[in-house]
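Keep the structure in view while reading.

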Amino acid sequence: MLSFSAQPYDYSLPADLHQLALVIIDMQRDFLEPGGFGDALGNDVSRLQAIVPPLKRLLTLFRALRLPIVHTLECHQPDLSDCPMSKRDRGNGKLKIGDEGPMGRILILGEPGNAIIPELAPLPGEIVITKPGKGAFYATPLQLQLQERGITHLLLTGVTTEVCVQTTMREANDRGYECLMVEDCTESYFPDFKQATLEMVRAQGGIVGWTTTSAQIICTLETWGSVLDQWKL
Ligand code: C5J
């Protein structure tokens, strides 16, 4: 059985690596670019750019190895029927969900600003989940889609660490998935919150799961991929 070094202890991969999915949470213009939802809430959105190159490398490897990939988008219907007023009103931002901004309506499905950034845009065949909440399992078909493919292990990446990534990881953990957060492929507007999240995930023997770097994962999967190539498996 393959494994790689992680905290609080080594993470074992499933016997069939096709049961391992890369989950990329909300890498949308709304969170990473000026004029989107994150900016409207007063955040420095430029902080999130740092994870794009390592995440792109991980995504490219998953594509090359034909392993499952899940993208999520936080978004709402144009009529806001799936947006609780409590969410719309929260924060006193300069623009609210549904308001017209420089990239179209804030956090609305189909608007230019709601798209996944071009560097990480989904390809046909990859799972794309649109979600109205912070967690990717709430009010979405994610669990069904994972079950249909026999996926049991999730590598969690994306933004923001302590909001949508952590919420999704906790939801997945409660549903029995073996979850690992990829340290250099997740980011927060608040560096201390990112650090605290990584620590709380792996505390108490991995109460929510594991953490490691993309380099550890890439090294292990590349070795597996070259064995496959060598034996034409
Ligand atoms: C937030 C997210 N931060 N994707 N959403 O509101 O983390």
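Ala215 is exposed, with a relative accessible area of 52%. The model is a predicted one. Ala215 belongs to helix α8. In sequence, 158 residues separate Ala215 from Arg57. In space, the C-alpha atoms of Ala215 and Arg57 are 9.6 Å apart.

**Ser214 and helix α8**

Ser214 also needs a look. Helix α8 covers residues 214-231, and Ser214 lies in it. Is Ser214 buried or exposed? Ser214 counts as buried, at 5% relative accessibility. The cut-off for buried is under 20% relative accessible area, so the 5% of Ser214 qualifies. For exposed, the cut-off is over 50%, so Ala215 at 52% qualifies.

Which residues does Ser214 touch, leaving aside its neighbours within four places in sequence? Ser214 is in contact with Pro54, Leu58, Val182, Asp184 and Cys185.

**Strands β8 and β9**

Strand β9 takes in residues 178-187. Eight of its 10 residues are buried, so β9 is largely enclosed by the rest of the structure. How do β8 and β9 run, parallel or antiparallel? They run parallel, and six bridges join them. His153 stands opposite Glu178 in β9.

**Backbone exceptions**

Two peptide bonds in the model are listed here as cis. One runs from Gln7 to Pro8, with omega near 10°. Pro8 sits in the loop between β1 (3-4) and β2 (11-12). Another cis bond runs from Val159 to Thr160, with omega near -15°. Thr160 is placed in the loop between β8 (153-159) and α6 (161-174).

Asp26 has a phi of about 50° although it is not a glycine. Leu107, a residue other than glycine, has a positive phi near 60°. Where do these residues sit? Asp26 lies in the loop between β3 (20-25) and α1 (29-32). Leu107 is in the loop between β6 (104-105) and β7 (127-131). Asp26 is buried, and Leu107 counts as buried.

The table gathers the relative accessible areas of the residues discussed.

| Residue | Relative accessible area | Class |
|---|---|---|
| Asp26 | 0% | buried |
| Leu107 | 0% | buried |
| Ser214 | 5% | buried |
| Ala215 | 52% | exposed |

**The whole chain**

How many helices and strands does the protein chain hold? There are eight helices and 10 strands. The radius of gyration is 17 Å, close to the 17 Å that the globule rule gives for 233 residues, so the chain is as compact as a globular protein of that length. Along its principal axes, the C-alpha trace spans about 55 × 40 × 30 Å.

Buried residues account for 52% of the 233 residues. Contacts in the chain also reach across the sequence. Of those between residues at least 6 apart in sequence, 72% join residues at least 24 apart.

The accessible surface of the protein chain is about 10,500 Å². Carbon and sulfur atoms hold 54% of that surface. The protein chain has 20 positive and 28 negative charges.

Key. Residues numbered from 1 in each chain as written. Predicted model: local features only at pLDDT ≥ 70, side-chain atom pairs only at ≥ 80, totals over all residues. Heavy atoms only, no water. Helix = DSSP H or I, 4+ residues; strand = E, 2+ residues; numbered from the N terminus. Rg over C-alpha atoms; globule rule 2.2 N^0.38 Å. Buried < 20%, exposed > 50% of the residue type's maximum accessible area, 1.4 Å probe, protein only. Contact = heavy atoms within 4.5 Å. Areas by Shrake-Rupley, 256 points an atom, 1.4 Å probe, with all protein chains shown as cover. Lys, Arg positive; Asp, Glu negative; His and termini not counted. Charge placed at Lys NZ, Arg CZ, Asp CG, Glu CD. Pairing = 2+ DSSP bridges.
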